[in-house]
Amino acid sequence: MKGGIASLLMGALLILGSGVACGQKQKGKSSNDAEKTKQVTEMVKTAVDSLPAEDAKSRYSTLTDADFKRVAKRLGVEVAAIKAVVVIEAGAKMEGFWAPGVPVINFDRAMYNRYRSKAKSTKGNPSEKVPSGLKGYALQEWTQLVTARKSNVDGANMGTFWGMFQIGGFNYKLCGCESVAEMVRLMSYSELEQLELFATFLINTGMVTDLRNKNWASFAKKYNGPSYAKRGYHTKMANAYAKFKK
């Protein structure tokens with residue numbers, strides 16, 4: 001790795017490493033963490049964009065155990081706990097993308113109908129196109145999203161669940177983003193960005209405490225909604241955690 005790129009990435013790690021543990025009380029902690037995430041975003045992008053084209057393509061799915069460990073340490077949670085959420089939300093492959101720049105999504109018609117009129121902008125984009133090369137479920141979900149975007153871009157993005165952690169676009173502020181468009185841009189950049197958005201989301205919602213304590217029922221109720229018990233999210237996460245912990 002070239003010296004300039006290495007320096008940028010090291011700087012990003014130092015910024016993240018300076019974060020205060022979530023269990024400590026500090027005024028403005030959530031906003032500080034969100035600001036750190038934004039700083040890291042720009043530094044990582046600068047570093048990655050400096051790589052040769054063939055290497056830059058790998059940024060989408062290069063989330064490593066080291067990344068998990070770094071974020072887990074910052075949150076004060078176990079890596080196994082974070083991975084338990086990923087495997088339940090994203091499936092056994094634990095992937096955040098269906099193709100380069102095309103994140104895993106779940107378009108929710110009910111959520112779209114709820115937020116389409118609440119979006120800052122209700123403008124559509126008739127020129128939206130479905131990403132090429134998609135098949136099966138991925139093609140189905142992106143087709144629905146793109147169709148909705150043609151009528152209301154922001155509303156469609158808010159009514160969609162994004163990335164390996166399946167965070168609803170309507171939660172963009174809790175992810176530290178100023179707009180849903182910013183959240184989508186970061187979700188579409190890399191799995192590392194998806195992990196950072198998840199971390200900020202946990203901090204800003206207070207769910208990090210449940211994850212730290214492995215209180216799966218409380219976490220699943222907040223993360224997956226009131227039907228969590230019927231769908232067994234809490235037991236699935238508990239079982240996944242036990243497997244990753246071995």
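Axes here are lines fitted to C-alpha atoms, for helices over the stretch in contact, and the angle between two axes runs from 0 to 180 degrees between N-to-C directions. With that in hand, helices H5 and H12 pack at an angle of about 45°, with their axes 13 Å apart. An angle counts as roughly parallel under 35 degrees and as roughly perpendicular from 65 to 115. H5 is therefore oblique to H12. The model described here is a predicted one.

## Overview

The protein has 14 helices and five strands. It holds 246 residues, and 50% of them are buried. Consider the contacts with a separation of 6 or more: 68% of them join residues 24 or more positions apart.

## Helix H5 and its two partners

Start with H12. Its crossing with H5 is right-handed. From H5 come Ala 81, Ala 84, Val 85 and Glu 89, and they meet Trp 216, Phe 219, Tyr 223 and Asn 224 of H12. By class, this contact has six nonpolar residues, one polar and one charged.

Now turn to H14. H5 covers residues 79–90 and H14 covers residues 233–245; their axes come within 8 Å and cross at roughly 125°. H5 and H14 are therefore oblique to each other. H5 passes H14 in a right-handed crossing. On the H5 side, the contact takes in Ala 80, Ala 81, Lys 83, Ala 84, Val 85, Val 87, Ile 88 and Glu 89. On the H14 side it takes in Tyr 233, Lys 236, Met 237, Ala 240, Tyr 241, Phe 244 and Lys 245. The classes here are 11 nonpolar, no polar and four charged residues.

## Helix H12 and what covers it

Which residues of H12 are buried? H12 spans residues 216–224, and its buried residues are Trp 216, Ser 218, Phe 219, Ala 220, Tyr 223 and Asn 224. The cover over these buried residues includes H5 and H14. Strand E5 (167–168) also belongs to that cover, as do helix H10 (191–205), helix H11 (207–212) and helix H13 (228–231). Just after H12 comes Gly 225, with a positive phi of about 95°.

## Helix H4

H4 runs over residues 65–75. Its buried residues are Asp 67, Phe 68, Arg 70, Val 71, Ala 72, Arg 74 and Leu 75. Gly 76 follows H4, and its phi is positive, near 75°.

## Two buried loop residues

Asn 152 sits in the loop between helix H7 (136–149) and helix H8 (153–158). Is Asn 152 buried or exposed? Its relative accessibility is 4%, so Asn 152 counts as buried. A polar atom of the Asn 152 side chain lies 2.7 Å from the backbone nitrogen of Gly 155. Beyond its neighbours within four places in sequence, Asn 152 is in contact with Tyr 112, Arg 116, Ala 119, Ser 121, Thr 122, Lys 123 and Gly 124.

Gly 163 has its place in the loop between strand E4 (160–162) and E5. Gly 163 has 0% relative accessibility, so this glycine counts as buried. Which residues touch Gly 163, leaving aside its neighbours within four places in sequence? They are Gly 96, Val 104, Met 187 and Gln 194. Gly 163 and Ser 190 are 27 residues apart in sequence, and their C-alpha atoms are 9.3 Å apart in space.

Most residues other than glycine have a negative phi. Gln 166 has a positive phi although it is not a glycine. Lys 214 also has a positive phi without being a glycine.

The cut-off for buried is under 20% relative accessible area.

How values were computed: Residues numbered from 1 in each chain as written. Predicted model: local features only at pLDDT ≥ 70, side-chain atom pairs only at ≥ 80, totals over all residues. Heavy atoms only, no water. Helix = DSSP H or I, 4+ residues; strand = E, 2+ residues; numbered from the N terminus. Parallel < 35°, antiparallel > 145°, perpendicular 65-115°, else oblique. Left-handed = near helix turned anticlockwise from the far one by under 90°. Contact = heavy atoms within 4.5 Å. Nonpolar A, V, L, I, M, F, W, Y, C, P; charged D, E, K, R; others polar. Buried < 20%, exposed > 50% of the residue type's maximum accessible area, 1.4 Å probe, protein only. Polar contact = N/O pair within 3.5 Å; in protein donor to acceptor, adjacent residues only side chain to side chain.
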